[in-house]
Amino acid sequence: MKKIAKGWIANRGKIALRIIRACKELSIKSVAIFSEVDVEGIWVRKADECYPIMGDPLAAYLEYERIIDLAIKASCDAIHPGYGFLSENAEFAKACEDKGIIFIGPKAEHIALFGDKMASKVAMKKVGVPVLEGTDEPITDKKEGAKIAGQIGFPIIIKAAFGGGGRGMRIVKNAKQFDEMFESATNEAKKYFGKGDVFIEKYVENPRHIEIQIIADKYGNVVHLGERDCSIQRRHQKVIEIAPSPRLNPETRKELYRISTKAMFKLGYESVGTVEFLVDEADNIYFIEMNTRVQVEHPVTEIISGIDIIQRMIEIAEGDKLIFLQEEINFRGYAIEFRINAENPQHNFMPSAGTITNYITPGGPGIRLDSSAYAGYTIPPNYDSMVGKLIVWALDWEGAVKKASRALDEFYIDGIPTNIPLHREIVKDIDFIKGYMTTNYLDKKTELFNLKAVDSLAQENEKVSYLASMIKKIKNLNFR
């Protein structure tokens, strides 16, 4: 395949900026797009070229036929989908292929396979990956669902068959709750994914959410880049991600690596991807899903491995072989990613759009910030509430937690409420410090945290005002 000269970025925000930077280092011209509410987006300024996509601000990033036509008119020879939006749309990937544009990602057939939660579960089971007991086919009938749930035994979890991100997902603890939860899950699945089909699985209580980063080329070479612990979640959405997991049995870790790479080899997977698992209290492993795109949390893996995942993704799309073997990949230290969201901790973390009036970021050794925000930037209400991702690294877990605490105390955002107060509380919590985390960590802890909306910048400004007044008093004193 030919080398990519000019790449179209079918996304926005921080991931668009991240891809632009990767392209620049690979001497690839970058082309960005922006909706009518994204005119002031920093990625628009950083790209070599940019084009507006008018219409509904959300739908504009989803109209793949128009996006492909624009990319062709701009003489682009490749498209990177980023994450979210069209990143796991098999029809988009196939349309790129049909129009002669390189899709920087997996083959359309793999996107389709893993986008179907039931089909992917069956496929992974066939190649030796352990899965949770549950349905093998999507269901829409409530009575059939109740019968299956009774056979599996409560608690069970209902999940959207054609989507993820916590949408269309409900935990059912007993038979009395089933009908209401089933209707709620199917309605939400239909709203967000166009189909109300769901599947039912045995619910694992107090598990850890562990995912394995995979990279595979077109020549059958498959490697892993270690694991990430994504157990700290709220409403099934990840809040903090850690690499490597601070408390994972070494034998369990090896088995996760083995089954993930073996499965992707057998299925002929290409590009980057993430195999996600639940690990219960007895260290049993259960496959839950495969994400056929770059993950939001990819920076923690990049930091501990030294490997630029976006650049490798581009090179694989160009037809290059992996430039390293598994034994040549070395992991060093611990990295923690904090998702900084525009949401109000005092109002059940409700998303809060608005204009950032002050934006002071942390720095120093081992600090990385992936963000497209700045002072004066208005967070639009049309998209995900994430403002940025603060990533910290240190040689050991204790050092990483201390660095995280220091960095969060330095991070000031005024004008909008954020979840920074939540993160500051988490890094002081004894269970977090000891590495004890499960997926219900925040369910148990949030009410115990002090989430007063007293921003550190406001406190800092009070300190500055106090010092200024003291200096004025000193100047007025008549020293002899």
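At 46% relative accessibility, Arg-235 counts as partly exposed, because that class lies between the limits of under 20% for buried and over 50% for exposed. In this predicted model, Arg-235 sits in the loop between strand E11 (233-234) and strand E12 (237-238), and its phi is near 55 degrees, a positive value in a residue other than glycine. Most residues other than glycine have a negative phi, and most peptide bonds are trans.

Ser-75 also has a positive phi, of about 65 degrees, although it is not a glycine. The place of Ser-75 is in the loop that joins helix H3 (64-73) to strand E4 (78-80), and with a relative accessible area of 54% Ser-75 is exposed. A further positive phi, near 60 degrees, belongs to Ser-27, which follows helix H1.

The bond from Phe-154 to Pro-155 is cis, with omega near 5 degrees, and Pro-155 is placed in the loop between helix H7 (142-152) and strand E6 (156-160). Another cis bond runs from Ala-243 to Pro-244, with omega near -10 degrees, and here Pro-244 is found in the loop between strand E13 (240-243) and helix H9 (250-266).

Beyond strand E6 the chain reaches Gly-163, which lies in the loop between E6 and strand E7 (170-172). At 11% relative accessibility, Gly-163 counts as buried, since the limit for that class is under 20%. Leaving aside neighbours within four places in sequence, Gly-163 is in contact with Lys-117 and Phe-193. The C-alpha atoms of Gly-163 and Tyr-192 are separated by 7.9 Å, although these two residues are 29 residues apart along the chain.

In soluble globular proteins, nonpolar side chains tend to be buried together. The largest nonpolar core of this model has 102 residues, and those with the most contacts inside it are Trp-8, Ile-336, Phe-338, Val-387 and Phe-432. The largest share of this core, 7 residues, comes from H1. Apart from it lies another core, of 23 residues, among them Phe-114, Val-222, Ile-259 and Ile-285. To return to Val-387, its contacts, not counting residues up to four places away in sequence, include Lys-14, Ile-340, Ile-356, Tyr-359, Ile-413 and Ile-416.

Open space can be followed as well as packed side chains. Rolling a probe the size of a water molecule over the atoms shows where empty space is left. The second largest pocket has a volume of about 270 Å³, and of the 18 residues that line this pocket, the closest to its centre are Glu-97, Phe-103, Pro-106, Lys-107 and Lys-218. The elements that give two or more residues to its lining are helix H4 (90-98), strand E5 (102-103), helix H5 (108-115) and helix H11 (309-317). By kind, the lining residues of the second largest pocket divide into 10 nonpolar, 2 polar and 6 charged.

How values were computed: Residues are numbered from 1 along each chain as its sequence is written. This is a predicted model: local features need pLDDT of at least 70, side-chain atom pairs count only at pLDDT 80 or more; totals for chains, interfaces and linings use all residues. Side-chain values use heavy atoms; hydrogens and water are left out. On a 1 Å grid over the protein atoms alone, a cavity is a set of points where a 1.4 Å probe fits but cannot get out, and a pocket is an open set with protein on both sides within 12 Å along at least five of seven lines; lining residues have an atom within 4 Å of a point. Grid points are joined across faces, edges and corners, and a volume is the space filled by probe spheres set on the points. Helices (H or I, at least four residues) and strands (E, at least two) are DSSP runs, numbered from the N terminus. Ala, Val, Leu, Ile, Met, Phe, Trp, Tyr, Cys and Pro count as nonpolar, Asp, Glu, Lys and Arg as charged, and the others, Gly among them, as polar. Buried means under 20% relative accessible area, exposed over 50%, partly exposed in between (1.4 Å probe, protein chains only). A nonpolar core is a set of buried Ala, Val, Leu, Ile, Met, Phe, Trp, Tyr and Cys residues joined through side-chain atoms within 4.5 Å. Contact means heavy atoms within 4.5 Å.
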